[in-house]
Amino acid sequence: MSAEQQPQPTGSFGRKRQAFREWRGARPFWGGLLTLLAGVPIMYIPYANLTIGSLTVRMATTAGAGSLIIGVLLVVLGLTMWFQPVSRVFAGVAAILLALVSLVVSNFGAFLIGFLLGLIGGALGVSWAPGRPAQSADGPGQPDRVVGPVVATGPAPAGGPGLGNGLDGLSGTSPTNGTNGRHRAG
């Protein structure tokens, strides 16, 4: 079974899954997802409290507002990659730059988690390109010229051997004897 001849889903879940696959294929889905996920630790970690037993460690920095802005912008850029795929290059470059700025502003890019997710997501957004449709709008058409050798697909004409049209055994180019005009030296 080829990729073009996949069976059509019959159930409601199958149709929704197919619709999601088509939606996901028309945009930089994984770049948007990683960029969106990069914003979460960058927003959260500078405001988090880590409690170990009776010891409370506060992760707050003086640039907590900057971390919040960077995180929100990364989430917005991830959503932009999903819902505005035309602006994927701008969103990807902006995500990469914000991830680099988060190294300085937000606890080393939220302990390198948000930084790496932002870099990879931005790179995926920049490098994504829309695919070509599998078929044209009017369906598969006949080619306007033939490229390559013409091979007979039917039996030879009933006029007898040696007609010189290349479809018999006497011309040396018969598809049935396997030579096709090329002779072995030996």
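Visitor: Which residues does Thr35 touch, not counting residues up to four places away in sequence?
Guide: In this predicted model, Thr35 lies in helix 2. Its relative accessibility is 0%, so Thr35 counts as buried. Leaving out residues up to four places away in sequence, Thr35 touches Leu74, Val75, Leu77, Gly78, Met81, Ala95, Leu117, Gly121 and Gly122.

Visitor: Which residues of helix 2 are buried?
Guide: Helix 2 covers residues 29-44, 16 residues in total. Residues count as buried under 20% relative accessible area. In helix 2 the buried ones are Phe29, Gly31, Gly32, Leu34, Thr35, Leu36, Ala38, Gly39, Pro41 and Ile42.

Visitor: Which helices do the buried residues of helix 2 pack against?
Guide: The chain has 6 helices and 2 strands, in the order α-α-β-β-α-α-α-α along the sequence. The partners of the buried residues of helix 2 are helix 1 (12-25), helix 3 (64-83), helix 4, helix 5 (107-111) and helix 6.

Visitor: How many Å does helix 2 reach from its first C-alpha to its last?
Guide: For the 16 residues of helix 2, 22 Å is expected at 1.5 Å a residue. The computed reach is close to that, at 23 Å.

Visitor: Is helix 2 roughly parallel or roughly antiparallel to helix 3?
Guide: The axes of helix 2 and helix 3 come within 7 Å and cross at roughly 165 degrees. Angles over 145 degrees count as roughly antiparallel. Helix 2 is therefore, relative to helix 3, roughly antiparallel.

Visitor: How many charged residues are in the contact of helix 2 with helix 3?
Guide: Helix 2 passes helix 3 in a left-handed crossing. Contributors from helix 2 include Phe29, Leu36 and Ile42, and those from helix 3 include Leu68, Val72 and Trp82. By class the contact has 15 nonpolar and 7 polar residues, and the number of charged residues is none.

Visitor: Is helix 3 roughly parallel or roughly antiparallel to helix 4?
Guide: The axes of helix 3 and helix 4 come within 10 Å, crossing at roughly 160 degrees. The crossing of helix 3 past helix 4 is left-handed. Given the angle, helix 3 is to helix 4 roughly antiparallel.

Visitor: How many nonpolar residues does the contact of helix 3 with helix 4 have?
Guide: On the helix 3 side, the residues that meet helix 4 include Ile70, Leu73 and Thr80. On the helix 4 side they include Ala91, Leu98 and Val105. The contact has 5 polar residues and no charged ones, and its nonpolar residues number 11.

Visitor: What is the angle at which helix 4 and helix 6 pack?
Guide: Helix 4 (residues 88-105) and helix 6 (residues 113-127) have their axes 7 Å apart. Helix 4 passes helix 6 in a left-handed crossing. The packing angle is about 160 degrees.

Visitor: How many residues are charged in the contact of helix 4 with helix 6?
Guide: Helix 4 contributes Arg88, Val89 and Ile96, among others, and helix 6 contributes residues including Phe115, Leu119 and Val126. The contact divides into 11 nonpolar and 5 polar residues, while the charged count is 1.

Visitor: Which residues is Leu124 in contact with, leaving aside its neighbours within four places in sequence?
Guide: Leu124 is in helix 6 and, at 35% relative accessibility, counts as partly exposed. The C-alpha atoms of Leu124 and Trp30 are 7.2 Å apart, although 94 residues separate them along the chain. With its sequence neighbours within four places set aside, Leu124 contacts Trp30, Gly31 and Leu34.

Visitor: Is Ala129 buried or exposed?
Guide: Ala129 sits in the segment after helix 6. Its C-alpha atom is 9.2 Å from that of Arg88, 41 residues away along the chain. Because its relative accessibility is 52%, Ala129 counts as exposed.

Visitor: What percentage of the residues of the chain count as buried?
Guide: The chain has 186 residues. Of these, the part that counts as buried is 27%.

Definitions and conventions
Residues are numbered from 1 along each chain as its sequence is written. This is a predicted model: local features need pLDDT of at least 70, side-chain atom pairs count only at pLDDT 80 or more; totals for chains, interfaces and linings use all residues. Side-chain values use heavy atoms; hydrogens and water are left out. Axes are lines fitted to C-alpha atoms, for helices over the stretch in contact, and angles run from 0 to 180 degrees between N-to-C directions. Helices (H or I, at least four residues) and strands (E, at least two) are DSSP runs, numbered from the N terminus. A crossing is left-handed if the near helix is turned anticlockwise from the far one by less than a right angle, and right-handed if clockwise. Contact means heavy atoms within 4.5 Å. Ala, Val, Leu, Ile, Met, Phe, Trp, Tyr, Cys and Pro count as nonpolar, Asp, Glu, Lys and Arg as charged, and the others, Gly among them, as polar. The expected span of a helix is 1.5 Å times one less than its number of residues. Buried means under 20% relative accessible area, exposed over 50%, partly exposed in between (1.4 Å probe, protein chains only). Angles under 35 degrees count as roughly parallel, over 145 as roughly antiparallel, 65 to 115 as roughly perpendicular and the rest as oblique.
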